[in-house]
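Welcome, and thanks for taking a look at this structure. Please have a glance at the sequence and the 3D view below, and then we will walk through a few features together.

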Amino acid sequence: QAANGRLLAFLDADTVPPTNWISHYRALLSEHPEAAMVVSGYSHATSQQSAAQYAFWETQFRRRKLETYIDTSVGSNCIVYREAFEAVGGYPEYYLSGRKGSDAEKAVATAEDSELGFLLTEQGYKIVWRSDNAVAHRFRESWNGYFRQQMSYAQFLVISVCRFPKKLFQKGIYSGEAVLLQLFFLLVFLLSPVALLVTENGGSLALVIAVASAAGFVTIHAKLLSFI
């Protein structure tokens with residue numbers, strides 16, 4: 001809100017940009033005059049701790065096959081024209097309680113960037129992915145911190161998808177997500193105990209269903225696990 005330029009560039013508090021970060025983005029915008037926003041990724045993790053390295057390489061794996069045009073964004077490393085940003089109302093803000101009160105009541109804490117990208121593409125704006133203006137990232141150094149962060153992401157992602165169900169079909173900032181297939185296997189796994197109620201051999205059936213769905217879920221991630 002304080003900025004008065006034509007361009008708005010965003011970083012996260014735990015990222016470290018290269019010295020030519022802004023000038024490179026200006027060059028990329030000139031290279032892609034059709035783009036309202038250009039998004040880039042991470043160059044490396046600032047920590048050598050195993051949790052931080054895993055988080056970095058997992059991100060690299062999922063972004064390895066992104067196409068030039070995506071329909072989401074990541075607020076940790078992007079630049080966007082103010083006109084487009086303001087045309088969709090900027091980063092969405094809404095509240096768990098339904099009342100605009102303290103910051104603690106805000107529902108959007110980690111999904112506001114993907115929602116911005118969704119709103120931009122819904123109104124016809126182009127978002128370009130370029131991996132060559134990457135920033136360093138201070139990923140969580142402990143496994144406890146990493147899993148707590150992922151749980152927080154998941155909670156707010158559920159809220160976000162409830163607001164915008166079409167996000168399930170996005171060309172997201174990650175490639176090869178197979179989100180719907182993952183949800184299917186997880187749902188089958190969670191419902192497997194129902195077999196106990198519908199057949200005399202329910203225990204065996206429930207076990208078979210649970211193992212099969214878990215195997216399907218792991219198979220989806222086999223390439224990721226191999227890569228890591």
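In which order do the three strands of the open sheet stand? The order is β2-β8-β4, and the pairing is mixed. Please keep in mind that this is a predicted model, in which local features need pLDDT of at least 70 and side-chain atom pairs count only at pLDDT 80 or more, while totals for chains, interfaces and linings use all residues. Residues are numbered from 1 along each chain as its sequence is written, and side-chain values use heavy atoms, with hydrogens and water left out.

**The open sheet**

- Strands (E, at least two residues) and helices (H or I, at least four) are DSSP runs, numbered from the N terminus.
- Two strands pair if DSSP finds at least two bridges between them.
- β2 (15-16) and β4 (42-45) stand at the edges with a single partner strand each, so one side of each has no neighbour in the sheet.
- β2 and β8 run antiparallel and are joined by two bridges.
- Val16 stands opposite Ala136 in β8.

**Salt bridges**

- Side chains of opposite charge can pair when their charged atoms come close.
- Six salt bridges turn up in a search of the whole structure; the term means a side-chain nitrogen of Lys or Arg within 4 Å of a carboxyl oxygen of Asp or Glu.
- One of them joins the side chains of Arg130 and Glu31, at 2.9 Å from N to O. Arg130 lies in the loop between β7 (126-129) and β8 (135-137) and Glu31 in helix α1 (residues 21-31), so this pair ties together parts that are 99 residues apart in sequence.
- Arg130 also forms a salt bridge with Asp132, with the closest N and O atoms 2.7 Å apart.
- Glu122 and Lys166 meet through their side chains in another salt bridge, at 3.3 Å from N to O. Glu122 lies in helix α4 (residues 112-122) and Lys166 in the loop between α5 (143-163) and α6 (179-191), so the pair ties together parts that are 44 residues apart in sequence.

**Buried or exposed**

- Buried means under 20% relative accessible area, exposed means over 50%, and partly exposed is in between (1.4 Å probe, protein chains only).
- Arg130 is buried at 17%, whereas Glu31 is partly exposed at 49%.
- Asp132 is partly exposed at 37%, and Glu122 is partly exposed at 43%.

**Cysteines**

- The structure holds zero disulfides, a disulfide being a pair of cysteine sulfur atoms within 2.5 Å.
- Cys78 is buried at 0%, while Cys162 is exposed at 61%.
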